[in-house]
Amino acid sequence: MTLDRSHDSKDNSEIHTASVLVTGGAGFIGSHLVDALLASDNRVTVIDDMSTGRQSNLQIENDQLTLIHGTVGEQLAFQEPSFDYIFHLAAAVGVKLVVDEPIRTIETNVLETSAILRFAAKNKTPVMLASTSEVYGKSEALPMQEDGNLVFGSTEKSRWSYGCSKALDEHLAMAWYRREDLPVRIPRFFNTIGPRQKGSWGMVVPRFVAAALSGKPLIVYGDGSQTRCFCDVRDMVPMLLDLIKTDDAVGKAVNVGSDTPITILQLAELVKNTLNSNSTIEFKTMNEVYGDGFEDLQDRQPDLTRLHSLIGTRTKFSLQKTITSIAESFVISTGNEQ
Ligand SMILES: NC(=O)c1ccc[n+]([C@@H]2O[C@H](COP(=O)([O-])OP(=O)(O)OC[C@H]3O[C@@H](n4cnc5c(N)ncnc54)[C@H](O)[C@@H]3O)[C@@H](O)[C@H]2O)c1
């Protein structure tokens, strides 16, 4: 397939027009991936239950795209296992969603992943499983390395259920790789941002952009000294397309994202300045937002050595450029969507 990309990747092999299944393809990252796959002449099937995804994220008029509404486990029963590649992105995502709906989070993330791995194993279809920096839990070992320890808090804090569920997914995928030779690749996404991401489930950048555009206060959770690294989805998708073609990425977790940290307070200031906004910056405690006893981690930064050794390194989008794109997409879509 022209799962195309790789002009500057280490692996320049072309793969020609393929049939690709993308679960969660109507979501934020999934829909950008689908766009890239379609642009390279692949045939794409999306399974999405639209719980957080939107049909409007997809080019439904494109006859190379098949959109199937429904949950992964349910819909796989009607599919032939004839795909050339599978990207599994369907998940319950977002700290607020996880805290509000822990049963849905755990069941979606574990059961749907189990179903997709079993399906992929029928033909040993290469499968990419979207994991997350949340698997590092509250590890303080910086930068976070793929072979480092995963440090979760108590099961009394539902916040950790997301990271735990994704860690279990990783274990399951690795077991299929080791026991059944299933070619699995496990990118651990760090904070990913860009057009189409919604702020309603606690995602900080779209929340700040929406507030800045409407002149409302930008609400910083905590004291704003916590650091994160943000990667534009349009930089991330090419990395995924390179990784799925890279043999050495099979059977490995790989950190994917940016390794440039920024404090959340600096981020709020950057959003205000980039958008020339007169909004104020205000603070709320984590407990006010997420309930008593909420645990967060202070700093999160990936070690990207493994990623760079597998596919090289390049990014195109500065944080300002991404903030501007998100603002433009809000203005175009709803006037001020969050
Ligand atoms: N956005 C980030 O910063 C980030 C960071 C780390 C990991 N991830 C991972 O990337 C993937 C995509 O995340 P996103 O940010 O695009 O979120 P998203 O919520 O926009 O996308 C998830 C998609 O999955 C769909 N979905 C959920 N449950 C489903 C089910 N049972 N069956 C079918 N479809 C289902 C949703 O409707 C949505 O379209 C997820 O696996 C997430 O864990 C994202």
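Visitor: Where is the place of Pro 143?

Guide: Pro 143 lies in the loop between S6 and H5, where helices (H or I, at least four residues) and strands (E, at least two) are DSSP runs numbered from the N terminus. Residues are numbered from 1 along each chain as its sequence is written. Please keep in mind that this is a predicted model, in which local features need pLDDT of at least 70, side-chain atom pairs count only at pLDDT 80 or more, and totals for chains, interfaces and linings use all residues.

Visitor: And what is the peptide bond from Leu 142 to Pro 143 like, cis or trans?

Guide: That bond is cis, and its omega is near -10°.

Visitor: How high is the mean pLDDT of the protein?

Guide: The mean pLDDT, the predictor's confidence in each residue on a scale from 0 to 100, is 92, and 92% of the residues reach 70 or more. Over residues 6-15, however, the pLDDT is below 50, although the model gives this stretch 19 contacts beyond near neighbours in sequence; two residues are in contact if their C-beta atoms, placed from the backbone, lie within 7 Å. Where pLDDT is low, the predicted coordinates should not be read in detail.

Visitor: Back to that loop between S6 and H5: is Arg 159, which also has its place there, buried or exposed?

Guide: Arg 159 is buried, because 25 other C-beta atoms lie within 10 Å; the cut-offs are 20 or more such atoms within 10 Å for buried, 12 or fewer for exposed, and partly exposed in between, with C-beta atoms placed from the backbone.

Visitor: What does Arg 159 touch?

Guide: Leaving out residues up to four places away in sequence, Arg 159 touches Val 95, Val 98, Val 99, Phe 294 and Glu 295.

Visitor: What about H5, how far does that helix reach?

Guide: H5 covers residues 160-180, 21 residues in all, and reaches 30 Å from its first C-alpha to its last, close to the 30 Å expected at 1.5 Å a residue, the expected span being 1.5 Å times one less than the number of residues. Its buried residues, including Trp 160, Cys 164, Lys 166 and Trp 176, pack against helix H3 (95-100), H4, strand S5 (127-129), strand S6 (131-132) and strand S7 (184-189). Asp 181 follows H5 and has a positive phi, near 65°.

Visitor: Switching topic, which residues are closest to the ligand?

Guide: The ligand is surrounded by 28 residues, and the closest are Gly 24, Gly 27, Thr 52, Gly 53 and Ala 91; a residue is near a molecule if its C-beta atom, placed from the backbone, lies within 6 Å of it. Helix H1 (28-39), strand S2 (43-48) and helix H4 (102-121) each supply at least two residues of the shell, with the largest share, 3 residues, coming from H1.

Visitor: How many of the shell residues are nonpolar, polar and charged?

Guide: There are 13 nonpolar, 12 polar and 3 charged residues in the shell, where Ala, Val, Leu, Ile, Met, Phe, Trp, Tyr, Cys and Pro count as nonpolar, Asp, Glu, Lys and Arg as charged, and the others, Gly among them, as polar.

Visitor: Which residues touch the most other members of the largest nonpolar core?

Guide: Of the 87 residues in that core, Val 22, Val 127, Phe 208, Val 209, Met 236, Leu 240 and Leu 243 touch the most other members; such a core is a set of buried Ala, Val, Leu, Ile, Met, Phe, Trp, Tyr and Cys residues joined through C-beta atoms within 7 Å. Helix H6 (residues 204-214) provides the largest share of this core, 8 residues. A second, separate core has 6 residues, among them Val 135, Tyr 136, Trp 160 and Cys 164.

Visitor: Why is H6 described as largely enclosed by the rest of the structure?

Guide: H6 is largely enclosed because 10 of its 11 residues are buried, and these include Arg 207 and Phe 208. After H6 comes Gly 215, with a positive phi near 75°.

Visitor: One more: is Met 50 buried or exposed, and what is its phi?

Guide: Met 50, in the loop between S2 and strand S3 (65-69), counts as exposed because it has 12 C-beta neighbours inside 10 Å. Its phi is near 60°, a positive value in a residue other than glycine.
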